[in-house]
Amino acid sequence: MKMDYRERKEFKDYHEEKRLERRILSIKYLTISILILFLLDFWYLQVIRGKHFALKAESNRLKTVQLRPHRGVIKDREGKIIASSKPSFTILINRERGADLGKSLERVASLLRLDLKELGSRLQKMKNFTETEPLIVKKDATFEEVAVISAHLDELSHVSIQEDFKRHYDGRGVAHVVGYVGEISERELRQERETLGAEIGMGDVIGKSGIEKKYDGWLRGEKGFKLVEVDSMGKVIKEVKERKAPREGNPLFLSIKMDLQEALMDALNGEVGAAVFLNPKTGEIYALASNPSYDPNEFAGHLPSARWKELSSDPSHPMMNRAIQATYPPGSTFKVLIAIAALEKGIITENTTFYCPGSTIIYGRKYSCWKEGGHGVVNLHRAIVHSCNVYFYRVGSMLDIDDIAHYASQFGFGKPTRIDLFYEVNGIVPSSLWKKKIYNEEWYKGETISVSIGQGPLKVTPLQMATFISAIANGGYRITPTFNMEMRAANRPEKIRGLSEETLRIVQNALRGVVNEGGTGWRAKIEGIEICGKTGTAQLTAATASKDTQLLPREEKEHAWFIGYVPYEDPVIAFAILIEHGGFGGEAAAPVAKKVLEVFFKAEEYKKPTMTAHAVDAGKNAGTIVTEN
């Protein structure tokens, strides 16, 4: 039987209806689930992470800008400025918004004509640091460079210009004293953060050498911060408020006298060498020069790598502070210590004489005096005044090398003086133990003969010689040289053990004779002032007594020494001068001392030495020296 269409419409397929119901139900569940997920996510974002995202949104609107402090000014003892800070600009890229840093870097390099490869390398190195550390593109930018970048800031979304400061140095010959500053390296940053926390960051300037490095923490100051509002491109719209003002670095007064420092540079007249003038009682350094030198202002901005290579590979070593980092045989200046050791050991007295015919035979070997015809019969006083080699050969043959090493160590040889500069070297004081340790060999008595006139393996620095002669000047106290005026009170000179007043009197009297009795240091003589000193002429390996040293090429000539103090009674200044390959000490180094001392004693405060109480009294005030300045 055939059914019409109305009957067919009422017909129900049970299975089809069930499938349809399940589909509808699934869609409902899916819709509800999605709605629940949306609600949960909304709840998570609004309730759980709401504070976080609010802060993040705020941080995207507000930006922290560092405010760099002025580095502390460095002055000499009379207030003359040696180092100060001057305003400058730094161009940097903020890496925290760095979606297209490469594009910005390329554009900045093009505008400033910088090496894109070098900038890329610096950016690569910064991957080890947080994105808050900006990339320094150009320090000490010129006004023209700042103007160029300012005109293109709309297209340089990550670039900003920051007010900064550049170090400036005044005065000649101060490089090896004050040192220089520079941008902190990655290695230095890791080291500094271990000791100083997170205050230091890439692009910051720190002391790299000299006083700048030694007192970096004192001079550096503390950064400040301010908040600025930025747009979606990171451009500063306005300053919101200042969060913290920077604290300027502390000023530092050095014991240096700039007029004396410049007089010393003039007196050296371009000669390669080093010299130190200091107070023999307090250790305050009045002048310290090392020549050749360099201009520390070159390091204040960006020093091109080619210029750094030029300086560091210069065969004249302008970056080396010869006063504390170079060692030399002391030559005849060491005869003073030999005399002290021999007197204290009772081997000689001031009346002990030897005959000097111009040479002598010891252990079967001939040793020559510098004076071809000899000095005749000489006692200790004349031997020091005229620097007789034969006398000290004979004395040295009676001394044990370990006794010499003992007294050398007592005066501070063979170890740093503890001056407030880094990288000071030890020098060498030979002994039987030293030779065994270094060469695994026994010390031979014949080797002591060379040491007795300041030759052989013996090596000292000019600063060690300055502290040595200071100890003789101040009555037998070992001082600690310093540039820091505040350290004077903390410095406690140490009494040298086993040094009698009688020995000091004999030696001091002889040193006065070196300059004032027609001795080898007569060229340093100044009328009306009793200068005490000792010359030294340190031979090099290539130079021997059989050669006419005047005919030797410059690089084979002896090193010239002159050490001393002024005046004989109550000394106020001591010094050590070394001229590399200068020849005889009396000819090359003594005139340098005279020129500098003339300037020193012309100064009003030193026309009449005011130190009235030479209170080095081992029995009453051990370790204390009272002065009136």
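1. Let me start with a helix pair: α14 and α17 are roughly perpendicular to each other, because an angle from 65 to 115 degrees counts as such. Their packing angle is about 115°, and their axes lie 10 Å apart. In this pair, α14 (residues 335-344) passes α17 (residues 401-410) in a right-handed crossing. On the α14 side the contact is made by Leu 337, Ile 338, Ile 340, Ala 341 and Glu 344, and α17 brings Ile 404, Tyr 407 and Ala 408 to meet them.

2. Please keep in mind that this is a predicted model. The chain has 629 residues, and 48% of them are buried. It holds 24 helices and 21 strands. If you take the contacts with a separation of 6 or more, 72% of them join residues 24 or more positions apart.

3. How are α11 and α24 oriented to each other? They are roughly antiparallel, because their angle of about 155° is over 145 degrees. The axes of α11 (residues 258-268) and α24 (residues 590-602) are 9 Å apart, and α11 passes α24 in a right-handed crossing. From α11, the contact uses Asp 259, Leu 260, Ala 263, Leu 264, Ala 267 and Leu 268. From α24, it uses Val 592, Lys 595, Val 596, Val 599 and Phe 600.

4. Now for a sheet. Five strands form an open sheet in the order β12-β11-β21-β20-β19, with antiparallel pairing. β12 and β19 (532-538) are the edge strands, each pairing on one side only. From one strand to the next, the twist averages 5°. Within this sheet, seven bridges link β20 and β21 in the antiparallel sense; to see one of them, look at Trp 561, whose bridge partner in β21 is Leu 578.

5. Which helix packs on this sheet? It is α20 (residues 462-473), which touches β11 (273-278), β20 and β21. The direction of α20 makes about 30° with that of β20. How many of the residues of α20 are buried? Twelve of its twelve residues are, so the helix is mostly covered. Among them are Leu 463, Met 465, Phe 468, Ile 469 and Ile 472, along with Gln 464, Thr 467 and Ser 470.

6. Just after α20 comes Gly 475, with a positive phi of about 95°.

7. Two cis peptide bonds deserve a look. One joins Asn 291 and Pro 292, with omega about 5°. Pro 292 sits in the loop that runs between β12 (285-291) and α12 (305-312). Another joins Val 566 and Pro 567, with omega about -15°, and Pro 567 is in the loop between β20 (559-566) and β21 (573-579).

8. The loop between β20 and β21 also contains Asp 570. This residue has a positive phi of about 55° although it is not a glycine. Is Asp 570 buried or exposed? It counts as buried, because its relative accessibility is 17% and the cut-off is under 20%.

9. Asp 140 also has a positive phi, near 50°, and is likewise a residue other than glycine. You will find Asp 140 in the loop between β4 (135-138) and α6 (143-151). With 26% relative accessibility, Asp 140 counts as partly exposed.

10. Finally, have a look at Glu 133, in the loop between α5 (116-125) and β4. At 8% relative accessibility, Glu 133 counts as buried. Leaving aside residues up to four places away in sequence, Glu 133 touches Arg 95, Met 126, Arg 193, Gly 201 and Met 202. Glu 133 and Ile 93 are 40 residues apart in sequence, and their C-alpha atoms are 9.3 Å apart in space.

Note on methods:
Residues are numbered from 1 along each chain as its sequence is written. This is a predicted model: local features need pLDDT of at least 70, side-chain atom pairs count only at pLDDT 80 or more; totals for chains, interfaces and linings use all residues. Side-chain values use heavy atoms; hydrogens and water are left out. Helices (H or I, at least four residues) and strands (E, at least two) are DSSP runs, numbered from the N terminus. Buried means under 20% relative accessible area, exposed over 50%, partly exposed in between (1.4 Å probe, protein chains only). Two strands pair if DSSP finds at least two bridges between them. Axes are lines fitted to C-alpha atoms, for helices over the stretch in contact, and angles run from 0 to 180 degrees between N-to-C directions. Contact means heavy atoms within 4.5 Å. Angles under 35 degrees count as roughly parallel, over 145 as roughly antiparallel, 65 to 115 as roughly perpendicular and the rest as oblique. A crossing is left-handed if the near helix is turned anticlockwise from the far one by less than a right angle, and right-handed if clockwise.
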